[in-house]
Amino acid sequence: MSYIVDVVSEDSFFKNLTLGITDHLSQIQCIKNIKFEKRPPCERAVIAAWEQRYTCILPDDVRQFYSSIDGFRLTWDFQYGDSLLPIGNMSINPICELQQIGKYSETSEETDTPSIYDVELMYRTNGLLADNVPSFGSSCSIFVIEKLKYDMGDVCLVFNEQQEYGEDPKICFMDTSYEWHLIADNFTQYFRMMLAHLGMPLWQLKLTPLGLSLEADVSFHIHLTVAFYRSTIAFSKLLKIRDKIGNIQCSSNNQAMKSAKKL
């Protein structure tokens, strides 16, 4: 039995990966310098070495991502008058920077300086921390996939020993006060959310009680206004093209019916 395998070009692969987001951004006049780093894939040996080092098995979607491209970075600038502002930033750390944080054991030796787990334990003891949030203790393995702009916090891939078998690790946001906020149920969902927000600064904060900063909020409203205006024009043009095609098809069908009657 033989199989037919479609050969996908590099440009086609990256376009599918980004869901054509670069084409959308290029249609907005005020967005300039769109840069997408076309990185090579990660070798299987590198992925296996990472899993062995941290004794964690990557879920299928994360493994497939790194098997296709070693990290992700897409940036763009916003033209405001004569100035170019570096606004857009979508990034996923390469696997070499997918580093673990806060792995402390409850049985570690006592030191004069309290660890981040000691602070967490104090909060949990006093009932100030929910039981279902990630822990810096031995029950969780936490890896940073992106550091937010202005050191506003980290987006993390969180493996929890209490999660059910087959359940994907969560994507959580840790703010500067070490509080956790669930962003997505899995990596694929987070990646699509990142593309949908077009790399707007600190978009993750919009999904938390913290909310957006004034700068990010203004950037959001400016871009959404421009994008909506451009989308409305594009959609109206699309409707005109559709109607034109429909009229051509109708006239063709009428001519075919007349010809059939003559026969």
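## Cysteines, a buried glutamate and a hairpin

C42 is buried, with 10% of relative accessible area. This description concerns a predicted model.

A disulfide is a covalent bond between the sulfur atoms of two cysteines. A search of the whole structure finds zero disulfides. For C42, the nearest cysteine sulfur belongs to C96 and lies 7.9 Å away. The table sets out the two cysteines.

| Cysteine | Relative accessible area | Class | Nearest cysteine sulfur |
|---|---|---|---|
| C96 | 56% | exposed | C42, 7.9 Å |

The second topic is a glutamate. E51 is situated in helix α3, which covers residues 44-54. Is E51 buried or exposed? With a relative accessibility of 10%, E51 counts as buried, because the limit for that class is under 20%. The side chain of E51 reaches the backbone nitrogen of L58 at a distance of 2.9 Å. Leaving aside residues up to four places away in sequence, E51 touches C56, I57, L58 and R63.

Strand β2 (residues 72-80) and strand β3 (residues 83-92) pair in the antiparallel sense, with nine bridges. One of the residues involved is F78, whose bridge partner in β3 is L85. Two residues stand between the strands in this hairpin, and G81 there takes a positive phi near 70°.

Key:
Residues numbered from 1 in each chain as written. Predicted model: local features only at pLDDT ≥ 70, side-chain atom pairs only at ≥ 80, totals over all residues. Heavy atoms only, no water. Disulfide = S-S within 2.5 Å. Buried < 20%, exposed > 50% of the residue type's maximum accessible area, 1.4 Å probe, protein only. Helix = DSSP H or I, 4+ residues; strand = E, 2+ residues; numbered from the N terminus. Polar contact = N/O pair within 3.5 Å; in protein donor to acceptor, adjacent residues only side chain to side chain. Contact = heavy atoms within 4.5 Å. Pairing = 2+ DSSP bridges.
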